[in-house]
Amino acid sequence: MEKKELICIGCPMGCPLTVTMENGAVTEVTGNTCPKGDAYARKEVTDPTRIVTSTVKVEGGDKPFVSVKTKEDIPKGKIFDCMAQINQIIAKAPVAIGDVLLENVAGTGVSIVATKAADVR
């Protein structure tokens, strides 16, 4: 039997969670005060994922950079590969919020989208 300690990020409470596992499967989650804690703990110990946020250079825009994010969460182990690809993007103005700047980042099937707009200079 293995136990893992986590702090829940499912809501603002930040509950301290204890996850009990046996043979790689979650058998019990304790410490959560809402159902989000149980769901978060089970996912975090078996298949951790993250939303990645960053910035991308803009060519010919009224801003030198725009903020971007992954449209969905990606496997935690792909974050460095994702960032390496994001760092290579140079967007051409205009850029609108929601524009897809890169598809299938790091082979995840997830797009990188703009979260800030940039107009042409």
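Q: The radius of gyration is taken over C-alpha atoms, and the globule rule is 2.2 Å times the number of residues to the power 0.38. What does the rule give for a compact globule of 121 residues, and what does the chain have?
A: The rule gives a value near 14 Å, but the chain has 18 Å. Its C-alpha trace spans about 60 × 30 × 15 Å along the principal axes. Bear in mind that this is a predicted model, with pLDDT of at least 70 needed for local features and 80 or more for side-chain atom pairs, while totals for chains, interfaces and linings use all residues. Residues are numbered from 1 along each chain as its sequence is written, and side-chain values use heavy atoms, without hydrogens and water.

Q: Why is Glu-44 called buried?
A: Because its relative accessible area is 13%, and buried means under 20% (exposed is over 50%, partly exposed in between; 1.4 Å probe, protein chains only). Glu-44 sits in helix α1, residues 35–46. Across the chain, 32% of the 121 residues count as buried.

Q: What makes the Glu-44 and Arg-50 side chains a polar contact?
A: They come to 2.8 Å. The cut-off is a pair of N or O atoms within 3.5 Å; within protein, one must be able to donate a hydrogen and the other to accept it, and sequence-adjacent residues count only if both atoms are side-chain atoms. So 2.8 Å qualifies.

Q: Which residues does Glu-44 contact, apart from neighbours within four places in sequence?
A: Leu-6, Arg-50 and Lys-76; contact means heavy atoms within 4.5 Å.

Q: How do you know that β2 and β3 pair?
A: Pairing takes at least two DSSP bridges between the strands. β2 (residues 16–22) and β3 (residues 25–30) have five, in the antiparallel sense, so they pass. In one of these bridges, Val-19 partners Val-29 in β3. Two residues lie between the strands of this hairpin, and Asn-23 takes a positive phi near 55°.

Q: How many bridges join β1 to β2?
A: Six, and the two strands run antiparallel. Glu-5, for instance, has Thr-18 in β2 as its bridge partner.

Conventions
Helix = DSSP H or I, 4+ residues; strand = E, 2+ residues; numbered from the N terminus.
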